[in-house]
Amino acid sequence: MTFEPADRVDSVPPSGIRRFFELAEEMDDIISLGVGEPDFSAPWAAREAAIASLERGQTSYTANRGKRELRERIADYEAAAHNLQYDPDEEILVTAGASEGLDLAFRALLNPGDSIAIAQPCYVSYVPGATFAGIDVVDVPTRAADEFKLTREVLESSGAAEADALVYCYPNNPTGATMTAEEMADVAAFCRENDLLVFADEIYADLTYEHDHTSIATLPGMRERTVVFNGFSKAFAMTGFRLGYAMAPPEAIEAMNRIHQYSMLSAPTTAQHAAIEALDNCRDEVTEMAAQYDRRRKYVLTRFEEMGLDCFPASGAFYAFPECPWDDAGEFAESLLQEKRVAVVPGTAFGEGGSGHLRVSYATGLDDLKEAMARIESFLN
Amino acid sequence: MSSRREILDLLRENARYTTEDIARLTDYSESEVAEIIDEFEDAGIIRGYQAVVDWNAVESDEERVRATVELNVTLDRETSYDDISDRIAKFPEVTSLRLVSGDYDFDLEVEGDSMREVSHFISDKIAPIPEITQTVTHYIMESYKEQGMEFDDHDDDDRLSVSP
């Protein structure tokens, strides 16, 4: 008997981002616009609360669903910030990052052989997560012409109507696209008409710059068929704390918790203490970080325009998604890295829907961002 | 939509941003940015631009000594806080002067080339002002943060260079 990867693992290729990571890691002095996490550290008050909890010796497991004080605060926060009403006892599950929540939903709410429509390009874990759960994937490629929004038209033409569920992320990683309330209402209508469950990844909900985020679960007839995922990684700059949460009707949370209680037991305790403080006292930092991202977004979009690089006006998260001037975005990104020491990620790393584009993260200090833009400009010339 | 205030925030963040940079960071054009900054300067809203210097990092024998001084004063019918502050603020050694609440009246910051120079300045120029009843001088021994900037170097970016 030797170790061989199981079939379900074998069927999933290694992450397309890995190759770039390895290339970039070998180089010194690169400016990376390839990072999918904030450049800010977590707010000091949250870090300090984590330290204080350790000093008090609060290092045990918590309730499977997460500390009640945290779930209460999440409920209050989501009500105030996104107009979402969830009961902290029965409808909220604290997870180790939003990614764990998505994995739980795939496994707990769909059966092997069911199918899930995935809006593409998308975060790297959706397709593997579905595959590990034995779920068939229906690609829903969003289009550059639609600014990478999900539309009824692409849902219909991709065969999403036959799927059992739909998963998407807006504001979007990797494109920076957002959806208005009206656009979201079209998607909601499609899901109701075709009886789709919705897994709404709203991890970037607080990072929108042109209009407020609309959660699909606030739209008529949607709450009962939607699981909303959010967490502390992006808006609160707490990626390494690994803390997210899922919100859904009691029967969905109960099913997800059934797996969570055996596989994870409970989300990291120290992180939960930090998160309580983050929700109580770090909202101003979130607002300030969002203001910084917005300035950098304007800067990047203006610079792309100045250098003649086509880019739709990305309005959320911290990504711009310009068209690649070369046919092969992978080759472009590799040359840019080798010659100018600037890392960007080719759109194909996020699925075929991303081909011909580059993901440029502006979660980088302005000095580096300015220098990186100057280098890209000289590379293009 | 950007506000004029945002330009102020940006200059507070980094006074060396060019008008071109600021235009790219906001919804204003470059000429609008220049105009707004001019207006801020004319209105006395922006009073100047200075570098934030960590003197400990300056490799030189030249020492900069700084002290904060608590001042207590006594007022009468003819003399107001403003009259006293005028007299004190004129000295080039004084880098800041504020009226504060609490146990003392003025909070003064003084800078000089040596402790001796600063001490003499306090005893020769400040203490003799008739309205001043008491001075308490605190020499600054170490500076950890000035004008919003931390002086440690622990902010290395430890993120993976590429991540999803």
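The following paragraphs lead the reader through a predicted model, from its overall scores to a single residue.

The scores come first. The predicted model has an ipTM of 0.83 and a pTM of 0.92. For chain B, the mean pLDDT is 93, and 99% of the residues of this chain reach 70 or more.

An unreviewed UniProt entry lists residues 29-376 of chain A as "domain: Aminotransferase class I/classII large". Over residues 29-376, chain A is 40% helix and 14% strand. The end C-alpha atoms of this stretch are 15 Å apart.

Chain B is described by its division into domains. Domain 1 of chain B covers residues 4-42, while domain 2 covers residues 63-141. Between the C-alpha centres of these two domains of chain B there is a distance of 35 Å.

One residue of chain B, B:F40, may now be examined. B:F40 belongs to helix α3 of chain B, which is formed by residues 30-42.

When neighbours within four places in sequence are left aside, B:F40 is in contact with B:L8, B:I45 and B:I46. B:H138, by comparison, stands 98 residues from B:F40 in sequence, and the C-alpha atoms of B:F40 and B:H138 are 35 Å apart in space.

Technical notes: Residues are numbered from 1 along each chain as its sequence is written. Chains are lettered from A and ligands numbered from 1 in the order in which they are written. This is a predicted model: local features need pLDDT of at least 70, side-chain atom pairs count only at pLDDT 80 or more; totals for chains, interfaces and linings use all residues. UniProt positions are given in the numbering used here, feature names are shortened, and annotations may be inferred rather than shown by experiment. Helices (H or I, at least four residues) and strands (E, at least two) are DSSP runs, numbered from the N terminus. Domain bounds come from an automatic or database domain assignment. pLDDT is the predictor's confidence in each residue, from 0 to 100. Two residues are in contact if their C-beta atoms, placed from the backbone, lie within 7 Å.
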